[in-house]
Amino acid sequence: MNYALHGFNVSGYHWGNLIIHAVNGFLVFYLVLLLLEVLGIHRSTLASNPFPISPSWFASIVALIFVAHPIQTQAVSYIVQRFTSLATLFYLLTLILYLFWRLNHSRIRHPYLWYAAACISSILAMKTKEISFTLPMMLFVVEVLFFRPIAKMRWVTLIPFLLTLLIIPLSRIDALGSAEAGFARETMSITRWDYLLTQIRVIMTYLRLLILPVHQNLDYDYPIVHSLFEPPVFISFIFLCLLGGLTYHLLFRRDQCPDRPYLRLIAFGILWFFLTLSVESSIIPIKDVINEHRLYLPSI
């Protein structure tokens, strides 16, 4: 569409990316509001709830940090990474439509139209970029963390989303012409083990960039790691294990402290970061071991 309108004049492409990014900001805002609603945190309950800020202000702050954070520069300015921002748009839209249906299916007319729209959005996400592969797992995490107890019928409603997991490997097979292409590595110069070890340090770099976005780079010359016991790698590994332990503790405290529903939100945020990053920071070697646009979806 951009090419039909603008040819090789890149300004139109940049405007397209900016519009997608702005829409994502609104989607982040609405997703946070829905999650707070699931937790029972409303403006009317603030007086009796330890949540320190009104839901709309909290959602606004989250959305504005997401939109304005310098780490988003590459995903928005680097034209081809519309792959990332557009996949994120459909990813967020799927979660919002699913949550809206989940919260209101007994109060709205034709509730399964919202459910069907969530399924369609999930398909569009899968057809946009491989990072969307985690979307069905994210819906599962939402069900486990925010809706309890989980009835058997709720598991059934996740089946169509689980079936969309076939889209990405089948699309790659169709494009590349071999069954091995479904989850093929992008490069043979890095082993899966070395790539995984390198990602331990890369994830620490990502976390640092989220907190302190300095020395940003379009094209990193990042060292490949060959041993877990290299000091920077081992220290990073210990830190990530402690972060995992914190997540487990928050989930455990959630059951012991029902008056602190925001503990679930913190645990969900940590799980979101690692789950959405897992496609590009795991055991499938990619030629560039680090890219800042890969933080676009996890940064939420």
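**Close-up views of a predicted helical protein**

**View 1. Helix α8 (residues 152–163) supplies the largest share of the nonpolar patch, four residues.** The patch, a group of nonpolar side chains (Val, Leu, Ile, Met, Phe, Trp, Tyr) joined within 5 Å, each residue with over 30% relative accessible area and no salt bridge, comprises Val156, Ile159, Leu162, Leu163, Leu166 and Leu170 and has an area of about 550 Å². Areas follow the Shrake-Rupley method with a 1.4 Å probe. The model is predicted: local features need pLDDT of at least 70, side-chain atom pairs count only at pLDDT 80 or more, and totals for chains, interfaces and linings use all residues. Residues are numbered from 1 along each chain as its sequence is written, and side-chain values use heavy atoms, with hydrogens and water left out.

**View 2. Leu170 belongs to helix α9 (residues 167–176).** Leu170 is exposed, at a relative accessible area of 52%; exposed means over 50%, buried under 20%, and partly exposed in between.

View 3. The buried residues are Pro111, Tyr115, Ala118, Cys119, Ser121, Ser122, Ala125 and Met126.

**View 4. The whole protein has twelve helices and zero strands.** Helices are DSSP runs (H or I) of at least four residues, and strands (E) of at least two. Of its 300 residues, 47% count as buried.

Methods. Buried means under 20% relative accessible area, exposed over 50%, partly exposed in between (1.4 Å probe, protein chains only). Patches are made of residues with over 30% relative accessible area and no salt bridge: like charges are joined within 9 Å, nonpolar side chains (Val, Leu, Ile, Met, Phe, Trp, Tyr) within 5 Å. A salt bridge is a side-chain nitrogen of Lys or Arg within 4 Å of a carboxyl oxygen of Asp or Glu.
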